[in-house]
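Subject: Handover of the model

Dear colleague,

I am passing on the structure below, and I would be grateful if you could look it over with the notes that follow.

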Amino acid sequence: MLFRSFGHILMARRFGIRTRDVTLLPIGGVARLESTGETPLQELAIALAGPAVNLAIATLAGVFVLAAGVPTTAIDPSTGAGSFATWLITTNLFLLGFNLIPAFPMDGGRVLRAVLSWKGDRVRATRIAAGIGRGLAVVLGSVGLLMLRQPMLVFIALFVWMGASQEAEAASTGALIEGVPVRKAMLTNFRSVSPFDTLGEVSRLVLAGFQHDFPVVSNDELVGLLLRDDLFLALRERGPETLVGDVMRRSFAVASPGERLDRMLRRNQFDDGPSSIPVIEDGRVVGMVTAENVGEYIMLSSALAGRRR
């Protein structure tokens, strides 16, 4: 399972896509990538890299079994290498077949989406693969619960259903912000604070309803970012006379007005950055991107898209 995940990781790295971590689950490993690929070809290559590793391992194990003269059906503890090789063949062929099922969240679902979106709509392709995934989940859950009474099958069905639903929702949301410049969704009516302001003064701005997080500006230059959580913690531990400059963050992500919103959000989420991002143009803060503002933009875009249908 781990080797299969590394297949995805190495292929993604070839396209400049970073990997955050790998989670091992009962039905396989899940590598959290910065992106599944910018094009259908990239997604197809990344998706197939995992099953290709399973096929390679099974093939090498099969060659070893044949070269050692061990029957492929033999699983005998007395022939340690032979039995282990046979187990490798069986396990990897099972993983190969299971993960190539054309449904999310398996690799086959990503393969299907890449093929369907080659000259078509990625969102529609995702919905088709997610629908197949939900159907598979219903079948697995019914068989596991009613026929075989296997809790593991029910667990796998639940995992498949959740994975397919999340993928479909993410694709629909992503389509609303894909290619949209930051300037269209950024907050332009915002307040900045000085590093020499006190936390008591900033807390009054929060109570007045201006915003939660504040860019810290000195001589028209962005020098820091004050987050609401940091403000509350410092108020409790240091008091209201503490200066903003003593608690502000000095390392954080920034964006430009012409940058793609979806790429900026993906990059920031991957790096575990603050949900509020200052937007800089010609050295000056011209806007803020916040989770609330992006959420409102998505809801408005969804409503307008529904009206046009």
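This is a predicted model: local features need pLDDT of at least 70, side-chain atom pairs count only at pLDDT 80 or more; totals for chains, interfaces and linings use all residues.

Helices (H or I, at least four residues) and strands (E, at least two) are taken as DSSP runs and numbered from the N terminus. Residues are numbered from 1 along each chain as its sequence is written, and side-chain values use heavy atoms, with hydrogens and water left out.

Helix packing

Helix α2 (residues 40–68) packs against α4 at an angle of about 155°, with the two axes 8 Å apart; axes here are lines fitted to C-alpha atoms, for helices over the stretch in contact, and angles run from 0 to 180 degrees between N-to-C directions. The pair α2 and α4 is therefore roughly antiparallel, where angles under 35 degrees count as roughly parallel, over 145 as roughly antiparallel, 65 to 115 as roughly perpendicular and the rest as oblique. Their crossing is left-handed, meaning that the near helix is turned anticlockwise from the far one by less than a right angle, with clockwise giving a right-handed crossing. On the α2 side the contact (heavy atoms within 4.5 Å) is made by P40, E43, L44, A47, L48 and P51, and on the α4 side by D107, R110, V111, R113 and A114. These residues of α2 and α4 divide into seven nonpolar, no polar and four charged, with Ala, Val, Leu, Ile, Met, Phe, Trp, Tyr, Cys and Pro counted as nonpolar, Asp, Glu, Lys and Arg as charged, and the others, Gly among them, as polar.

Helix α4 (residues 107–116) also packs with helix α5 (residues 122–147), at an angle of about 150° and with axes 8 Å apart, but here α4 passes α5 in a right-handed crossing. G109, L112, R113 and L116 of α4 meet R122, A125, T126, I128, A129 and I132 of α5, and the residues of this contact of α4 with α5 divide into six nonpolar, two polar and two charged.

Which residues of helix α9 (residues 228–237) are buried? They are D230, L231 and A234, where buried means under 20% relative accessible area, exposed over 50% and partly exposed in between (1.4 Å probe, protein chains only). These residues cover an arc of only 100° around the axis, which puts them on the same side of α9; the arc is that of the directions from the helix axis to the C-beta atoms. Among the elements that cover the buried residues of α9 are α8 (199–207), β4 (221–226) and α10 (244–247), while the face turned away from the buried side carries the exposed residues D229 and R236.

Single residues

L205 lies in helix α8 and is buried, with a relative accessible area of 14%. Not counting residues up to four places away in sequence, L205 touches R191, V193, F210 and F214.

Most residues other than glycine have a negative phi. N219, however, has a positive phi near 55°; N219 lies in the loop between β3 (214–218) and β4 and is exposed, with a relative accessible area of 76%. Phi of D282 is likewise positive, near 55°, and D282 is found in the loop between β5 (277–281) and β6 (284–289), where D282 is exposed at a relative accessible area of 77%.
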